Amino acid sequence: MSGFSRRKLITTGLATAAGASGLAVAARLADRYGLLPPDHGGIYGLGTTLTYASQRLLTRHSLAREFPRSQISEAPFAKLRPFQSEAFDRLRAGGFVDWRLDVDGMVGRPSSFSLAELRRLPSRSQITQLACEEGWSFIAEWTGVPLSEVLSAAGTLPQARYAVYFSLQPKWWHSIDMADALHPQTLLVYGMNGGELSMGHGGPLRLRVPRQLGYKSVKFISRLTLTDSLEKFEKGGSYSWYAGI
């Protein structure tokens, strides 16, 4: 069966299940094809399942819009949650020379990358919009290493389904599926608008997931774990797991 016919069949089946039998049938069908989001339970479960499944079936390889340099925002908004961290202060005082991104979980080669090592990997620059769930947005040029390059270096195992990434800021983490983790526009960013990534924008290292709302682009990234399930991770935040735009 062709890819298009298969997508059409599954999409039609999900829609039919939603109208005929509700959550249970739709969830079983979505789960069969790996289209069940982690937050599919609860009162909004059917809606989140249909949204995620439709996005993955129809726009899995689509690109976020990239803008010309003339549309870069003059004063990009920098929202910084105040936090106290002796570790961050110590790293900052040392010019972030000792900053590390640890990569573990379902990888063949658990790794630890310094900023210098990340900069030596193939880089990409893109001018994309960061859209916040609170209603504000700005356009900037982001420079960094594609997350796919880092995962390739660490040896992603085939059973990995999610990338969970942690901020040095306490109790701040999020996750994406492997479709977004391996997407060419998903970057570990260390530069912005031709200069260093400022602390206000998450420097020295943040994740940029331009196909999702801003809360997925976590700042001060220091650890990344690949896993086949999110059940062992404490639920973070009150927003939907999938925030595709």
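By buried I mean under 20% relative accessible area, while exposed means over 50% and partly exposed is in between, using a 1.4 Å probe and protein chains only.

Before going on, a word on what you are looking at. This is a predicted model, where local features need pLDDT of at least 70, side-chain atom pairs count only at pLDDT 80 or more, and totals for chains, interfaces and linings use all residues. Residues are numbered from 1 along each chain as its sequence is written, and side-chain values use heavy atoms, with hydrogens and water left out.

Back to our aspartate. Which residue does aspartate 177 meet in a salt bridge? The partner is arginine 56, with 2.7 Å from N to O. A salt bridge here is a side-chain nitrogen of Lys or Arg within 4 Å of a carboxyl oxygen of Asp or Glu. Arginine 56 sits in helix H3 (residues 45-59) and aspartate 177 in strand S6 (residues 173-177), so the bridge links distant parts of the chain, 121 residues apart. Those helices (H or I, at least four residues) and strands (E, at least two) are DSSP runs, numbered from the N terminus. Arginine 56 is buried too, at 4%.

Now for a second pair. Aspartate 180 and arginine 211 also form a salt bridge, at 3.0 Å from N to O. Aspartate 180 belongs to helix H7 (residues 178-181), and arginine 211 to the loop between strand S9 (206-208) and strand S10 (221-227), 31 residues away. Both count as buried: aspartate 180 has 1% relative accessibility, and arginine 211 has 9%.

The whole structure has 7 salt bridges. Another of them joins arginine 119 and glutamate 196, at 2.7 Å. Arginine 119 is in helix H5 (residues 115-120) and glutamate 196 in strand S8 (residues 195-196), so this bridge ties together parts that are 77 residues apart in sequence. Is glutamate 196 buried or exposed? Glutamate 196 is exposed, at 59%, and arginine 119 is partly exposed, at 39%.

Let's turn to the nonpolar side. In soluble globular proteins, nonpolar side chains tend to be buried together. A nonpolar core is a set of buried Ala, Val, Leu, Ile, Met, Phe, Trp, Tyr and Cys residues joined through side-chain atoms within 4.5 Å. The largest one here has 33 residues, and Leu188, Leu205 and Leu226 touch the most other members. Several elements each supply at least two of its residues, including helix H4 (86-93), strand S1 (100-105) and strand S7 (187-192). Helix H6 gives the largest share, with 4 residues.

Finally, a few backbone details. The peptide bond from glycine 203 to proline 204 is cis, with omega near 15°, and proline 204 lies in the loop between S8 and S9. Lysine 171 has a positive phi, near 60°, although this residue is not glycine. You will find lysine 171 in the loop between S5 and S6, exposed at 84%. Phenylalanine 220 has a positive phi as well, about 55°, and its place is in the loop between S9 and S10. How is phenylalanine 220 placed, buried or exposed? Phenylalanine 220 is buried, at 0% relative accessibility.
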